Amino acid sequence: MNKWMELAEQVLAGKEVTSDEAFSILECPDDDVLLLMHAAFQIRKRFFGKKVKLNMIMNTKSGLCPENCGYCSQSSISTAPINTYSMVDKDTILKGAKRAHDLNVGTYCIVASGRGPSNKEIDHVVEAVKEIKETYGLKICACLGLLKPEQAKRLKEAGVDRYNHNINTSESNHANITTSHTYDDRVNTVETVKGSGMSPCSGVIVGMRETKQDVVDMANSLKALDADSIPVNFLHAIDGTPLQGVKELNPLYCLKVLALFRFINPTKEIRISGGREVNLRSLQPLGLYAANSVFVGDYLTTAGQEEIEDYKMLRDLGFEVESVEEMKASLAVEK
């Protein structure tokens, strides 16, 4: 038995991955990556079988953000040529929900740029969510920035199932990425989400000049936060942002990162997120041997691949799309 299978069996028996073991996953020889992914799949299969959760984003407010996040085309310091607009109307949000429903997407993600939502924006999202729930019954994830407890309570009461607020990077690397809010600000929002009864979603962006130790720290931090869903983004460097031109990643390393997150967070939803098309490239299908969730369609200000290509990929892998009913059942278990 190879070392990765031994480690997978230990994880399945309840053992936590040590720091040295985690680091060794990221340093796995390229020739052994298929063995690593096979081992990661044993963990994935135990908890999720061959099901894949589908997610779709609606960017309800673009640009106009006062924060200075170095990766983001919507930040105050970005010169990237993007569309900017204030919160879209309810009908637009509902049309996005219909499209998600028609494509058999289980989770519809309502995203808005900015430091955090105003109470008026919360009112708007609450109204839209109530109608989406009544009409389509989709699982709803909101991502609106730093959240106050009373705002979280209102979203929960309206029917928002999950709230996303990424830690993005390690605590030690955070100040290299943004200085307009702290790492603790992000952690506190995740804790606020948990306190409201919404399912916490928090993830990372890999490829922002962090070290391998930073990546290990991210995976362990999300384990400590007990995030139910962990989006793993790979930097898609955008011209006009401070990280423009940064291209540190290659497909094999991205697979090692996904395996690491599966080994450290065996029971959690690991979602292949932004930047997968440009970083995993032709190895995208292999990523789903560790991850059990994926975004379909476009991202916030960058394009994803055609949805039909994602469905073909899942079919070719012999994987099954998790139905909305199964999504609801899994959410009930999380709660």
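So, contact here means heavy atoms within 4.5 Å. By that rule, and leaving aside neighbours within four places in sequence, Leu 155 touches Ile 122, Val 125, Val 126, Leu 144, Leu 147, Val 160, Tyr 163 and Met 198.

Quick housekeeping. This is a predicted model, with local features needing pLDDT of at least 70 and side-chain atom pairs counting only at pLDDT 80 or more, while totals for chains, interfaces and linings use all residues. Numbering runs from 1 along each chain as its sequence is written, and side-chain values use heavy atoms, with hydrogens and water left out.

Back to Leu 155. Where does Leu 155 sit in the core story? Leu 155 is among the residues with the most contacts inside the largest nonpolar core, along with Tyr 108, Val 232, Phe 261 and Phe 263. A nonpolar core is a set of buried Ala, Val, Leu, Ile, Met, Phe, Trp, Tyr and Cys residues joined through side-chain atoms within 4.5 Å, and buried means under 20% relative accessible area, with a 1.4 Å probe and protein chains only. That core has 88 residues, and helix 10 gives the largest share, 10 residues. There's also a second, separate core of 9 residues, including Cys 69 and Tyr 71.Now Asn 119, in helix 5, residues 119–135; helices are DSSP runs of H or I, at least four residues, numbered from the N terminus. Asn 119 is partly exposed because its relative accessibility is 49%, which falls between the buried limit and the exposed one, over 50%. Its contacts, again skipping neighbours within four places, are Gln 151 and Arg 154.

Note on methods. Helices (H or I, at least four residues) and strands (E, at least two) are DSSP runs, numbered from the N terminus.
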